[in-house]
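Hi,

Here is the structure I promised to pass on. Have a look at it first, and then read my notes below.

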Amino acid sequence: QVQLVESGGGLVQAGGSLRLSCAASGSVFSVNNMAWYRQAPGRQRELVAFVTSDGHTNYADTMKGRFAISRDNAKNTVDLQMNNLKAEDTAVYYCNAQIRRTAWSNWSEHWGQGTQVTVSS
């Protein structure tokens with residue numbers, strides 16, 4: 001079994017900052033891309049940012065300059081630093097990772113349980 005466990009969500013005022021963390025545990029042999037998605041009420045889940053195994057990053061346009069994704073390959077963790085938060089950033093944030101459980105396994109996609117971020121205006 002593989003688990004992705006997120007932490008760091010909460011309530012913050014507009015203009016404030018939060019840092020989300022996600023750790024992969026269990027039967028993890030190798031981790032490829034890691035990402036953060038979010039889903040606001042009544043909206044589809046959308047990509048926030050992703051980071052490849054060699055550290056290349058990409059962001060959704062509305063997050064560029066405000067959010068920063070980073071990972072620690074030794075710990076199988078991925079963080080999302082969110083600055084200058086806006087009310088429209090309110091959503092449930094999900095960690096996502098492509099993981100191989102053994103050297104002979106195919107890559108499989110895994111999701112965390114989600115963490116709520118609420119930005120008050």
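Before going on, a word on the ground rules. This is a predicted model, where local features need pLDDT of at least 70 and side-chain atom pairs count only at pLDDT 80 or more, while totals for chains, interfaces and linings use all residues. Residues are numbered from 1 along each chain as its sequence is written, and side-chain values use heavy atoms, with hydrogens and water left out.

Back to Tyr-59. Leaving aside residues up to four places away in sequence, Tyr-59 touches Val-48, Ala-49, Lys-64, Phe-67, Ala-68 and Ile-69 (contact means heavy atoms within 4.5 Å). A polar atom of the Tyr-59 side chain also lies 2.9 Å from the backbone nitrogen of Ile-69. Leu-47 is twelve residues from Tyr-59 in sequence, with 7.9 Å between their C-alpha atoms.

Next, the core. A nonpolar core is a set of buried Ala, Val, Leu, Ile, Met, Phe, Trp, Tyr and Cys residues joined through side-chain atoms within 4.5 Å. Buried means under 20% relative accessible area, exposed means over 50%, and partly exposed is in between (1.4 Å probe, protein chains only). The largest nonpolar core has 29 residues, and Trp-36, Val-48, Phe-67, Val-78, Leu-80, Met-82 and Tyr-93 have the most contacts inside it. At least two residues of this core come from each of β1 (2–7), β3 (18–26), β4 (30–39), β5 (46–51), β7, β8, β9 and β11 (115–120). The strand that gives the most to this core is β9, with five residues. Take Leu-80 as an example: among the residues that Leu-80 touches are Leu-18, Trp-36, Val-48, Phe-67 and Tyr-93.

Now the charges. How many salt bridges are there? The count comes to five, where a salt bridge is a side-chain nitrogen of Lys or Arg within 4 Å of a carboxyl oxygen of Asp or Glu. One of them joins Lys-64 and Asp-61, at 3.2 Å from N to O. Lys-64 is partly exposed, at 49% relative accessible area, and Asp-61 is exposed, at 63%. Another links Glu-46 to Arg-38, at 2.7 Å from N to O. Here Arg-38 is buried, at 7%, and Glu-46 is partly exposed, at 29%.

Arg-66 and Asp-89 form a salt bridge too, with the closest N and O atoms 2.7 Å apart. Arg-66 lies in the loop between β6 (57–59) and β7 (67–72) and Asp-89 in the loop between β8 (77–82) and β9 (91–100), so the pair ties together parts that are 23 residues apart in sequence. Both Arg-66 and Asp-89 are buried. Through shared partners, salt bridges join Arg-38, Glu-46, Arg-66 and Asp-89 into one network.

Last stop: Thr-52, in the loop between β5 and β6. Thr-52 is buried, at 16% relative accessible area, and touches Asn-32, Asn-33 and Arg-71, again not counting residues up to four places away in sequence.

Cheers

Methods
Helix = DSSP H or I, 4+ residues; strand = E, 2+ residues; numbered from the N terminus. Polar contact = N/O pair within 3.5 Å; in protein donor to acceptor, adjacent residues only side chain to side chain.
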